[in-house]
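Reader: I am new to this structure and would like to learn how to read it, one feature after another. Could we begin with a strand and its partners?

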Amino acid sequence: MTTTRDVTRQDGPKKVTGAASYTADYNASRQLYAVLVGAAVPNGRVTGFDLVDALAAPGVVRVLTAGDLPAVHDDFTTLPSPPLATRFLPMQSDIVHYAGQPVAMVLAETLEAAEGAAANVGVSYEREPFVNPDTAVSVPPSPDSGYGMLAELEFRKGDVPEALSGAPVRVDSTYTQPSRHGNPMEPSSIVAEWDDGVLTVHDSAQHVYAVQDTLAGAFGLPSDKVRVIATHTGGGFGTKAFVWPHEILGPMAAKAVGRPVKLVLSRADMYSIVGYQPLMEHRLSLGADKSGQLQAIAHEVDNVTSVTDDYVEFGSVPSKSLYAAANISTSQRVRRGNVNLSSFMRSPIDGPGSWALGSAIDELAHALCMDPLTLRTVNYADNDPADGSPWSSKKLKEAYDQGARRFGWWNRPKGGTRDGHWLIGCGMADCTQGQFRFSSQAKVRLQADATARIEAGFTDIGAGSTTIFPQITAETLGLDISAVTGVSGDTKLPYACPTYGSGTTLSMGTAVHNASRDVLRQLSEALSWPAGEVQAEAGQLTWQDESKPFQDIMRSAGLEEIVGTGAFELPGGASADAGAPGYSSRTFGAMFVEVGVDPELGLLRLRRATGVYSVGAVVNERTARSQMIGGVVWGWGMAAMEASHFEPRLGRWLSQDLAGVPLPVNADIPPDIDISFVDEFDPHAGPLGAKGVGELSATGVAAAAANAVFDATGRRVRNLPITPGKLLDALL
């Protein structure tokens, strides 16, 4: 398929003018505003409430507690996890497992009344000792944690202990990274209304069908009795990928009071109700011969999770995916504590894993007195290191070459240099991300006026899907993209894949492409032309030397509309997989950065960055570049700024708003972030030849930054983020 690689965003005008509608913009008739009351203790139980002052406030209708809400249906216990985030649902008992856990809900005629009354709800507790997850003892995850589909908890290939003991050069290091919250611009929210046993919700979500199935299970309803709408979602980053307690509590409250309920989480609620990337500790051992060939890789990881559920962040996966080694072992453990459940965050698995592995490889290169890029090429994996499977496509060598040339890697001053009082250093790291494919369906409606409409329930979270899918249909049908519109984010539409896992373009794009091809097939049949030989251009169908406008074809056939249907179906009817059978599917890239370090103040500055990526076919280079630049900024935040700290005395998140979280702003990011893609087509991914890019962009940046800091200063920082205090300590 030939694509135009530089189509501008079709949703841009709506979003910058405020015309786009988000969940919190929707208001139902007679709705009540809900505000949650969070637990003030990290562990214990509720012993009583004082509701007198709250109920006396003007506009307050009800204050709901556990006894006022319906119990979840037995089907709730059978729901898959994911997409259900946690088996523990607040306000079903008096038990408290973490600070901020909802224990009551105020319903009022106005938001202001609900907020004021929530501050006056008195709650009595019986406190119990709590466990700090950051310092808890790591233990094996529960075998039924629900995330085993992502990776193996334990992986063994060869004899790692023997290979390490005999390796001439060895590196043993521990790398840590803190918990981080995603903080999307739009907080999570839901508007729930019941009508004659049918539940309709407007939700800020990344997959409306997961919400539909979860709510159906929670209330014991057939799925067709639940409708979920998410026209636009203002950022997700994984925070809105799972179904969280507020998405069930809102409809429960609406059912309890017999009126629609609107619940928009506060910024503090976003720290205690939805997920975050957990604190992780990586213990890595690498052994190599004197030529740099890896003899063994051992990678042990543990991450923070809650006392109610195990979330496993499989940060060890890159260690069995990037480099050729005869002996590899990886393992995953968790630290359970009194904190809300952690979850996916851009980039899960490979983002944390590439930080640790990319740093360790750099340490090994210096131990060998070898260039870090040369060491990577020595250990280049032509096949999947874990099982020997061929790659569905891989052009990482080309990415290395292009990136090194564009950045000037081979001409850089090694060991750092100076720019005035700044110490200047360069570093590089690999980027990689596993690929997921999801079953998807779509309809394309061609009208007699040669305009088309796409119908599919995918969720727009700002990544470019509302541009890419009309682009695919426009190119397939030979229309201008302005003639193609779309409707999405509604469970009444054809089933669409989730907008996470870097699988949207591959999965949903294929379904749209096939639906568009089905339109061409029907046009061809109306003329008795062979469908496989026709061409579409400028709203005309051409075969051999004859052309017919779409309007003429449909008019002569008496058709006002042609409806094409398409699907992306996976082998065995699976709903998701990790690539075509017999192949390993990943995206790859190389990240090069230059940093400046102020040795007196401990300041760290990003001066320039170059990323070159192997991602299959690029459907739209403009939106793909935008994704990659955003990911580099995200990765810099991980490297140098962001951390969510657990307060060990109070047992809660220390800062629960944006005021206490440093985030990269324009002044932190140089204008010359250089992004490019190698020319590639993955024949095993689907007819588009494309793979995902959204999460890949956030991998490799933190390791490249830390490696550049070492180049500038000769000091290794192994604990993210690299803040002034850590730099000054390292330089003493």
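This is a predicted model: local features need pLDDT of at least 70, side-chain atom pairs count only at pLDDT 80 or more; totals for chains, interfaces and linings use all residues.

Reader: Which strand is joined to strand 28 by 11 bridges?

Author: That is strand 29 (residues 603-614), which runs antiparallel to strand 28; within this pairing, Met 591 has Gly 611 of strand 29 as its bridge partner. Strand 28 and strand 29 form a hairpin with 4 residues between them, and in the turn Gly 602 has a positive phi of about 75°.

Reader: How should I read the side chains of strand 28, and which residues point one way and which the other way?

Author: In a regular strand, side chains alternate between the two faces of the sheet. In strand 28, Arg 586, Phe 588, Ala 590, Phe 592, Glu 594, Gly 596 and Asp 598 point one way, while Thr 587, Gly 589, Met 591, Val 593, Val 595 and Val 597 point the other way, and all of them are buried. Because 13 of the 13 residues of strand 28 (residues 586-598) are buried, the strand is largely enclosed by the rest of the structure.

Reader: What is the strand order in the open sheet of 3 strands?

Author: The order is 23-24-25, and the pairing is antiparallel. Strand 23 (535-537) and strand 25 (546-549) are at the edges and have a single partner strand each, so one side of each lacks a neighbour in the sheet. From one strand to the next, the twist averages 25°. Strand 23 pairs with strand 24 (residues 540-543) over 3 bridges in the antiparallel sense, and Glu 537 has Gln 540, in strand 24, as its bridge partner. Helix 12 (residues 504-527) packs on this sheet and touches strand 23, strand 24 and strand 25, with its direction at about 65° to that of strand 24.

Reader: Which residues touch the most other members of the largest nonpolar core?

Author: In soluble globular proteins, nonpolar side chains tend to be buried together. The largest nonpolar core here has 88 residues, and those touching the most other members are Met 105, Leu 446, Leu 477, Leu 479, Met 508, Leu 523 and Leu 541. Helix 5 (residues 208-219) gives the most to this core, with 8 residues. A second, separate core has 79 residues, including Phe 155 and Tyr 380.

Reader: Is Thr 233, at 2% relative accessibility, buried or exposed?

Author: Buried means under 20% relative accessible area, so at 2% Thr 233 counts as buried. Thr 233 lies in the loop between strand 12 (226-229) and helix 6 (246-257). Beyond its neighbours within four places in sequence, its contacts include Tyr 22, Glu 186, Lys 240 and Asp 460.

Definitions and conventions. Residues are numbered from 1 along each chain as its sequence is written. Side-chain values use heavy atoms; hydrogens and water are left out. A nonpolar core is a set of buried Ala, Val, Leu, Ile, Met, Phe, Trp, Tyr and Cys residues joined through side-chain atoms within 4.5 Å. Buried means under 20% relative accessible area, exposed over 50%, partly exposed in between (1.4 Å probe, protein chains only). Helices (H or I, at least four residues) and strands (E, at least two) are DSSP runs, numbered from the N terminus. Two strands pair if DSSP finds at least two bridges between them. Axes are lines fitted to C-alpha atoms, for helices over the stretch in contact, and angles run from 0 to 180 degrees between N-to-C directions. Contact means heavy atoms within 4.5 Å.
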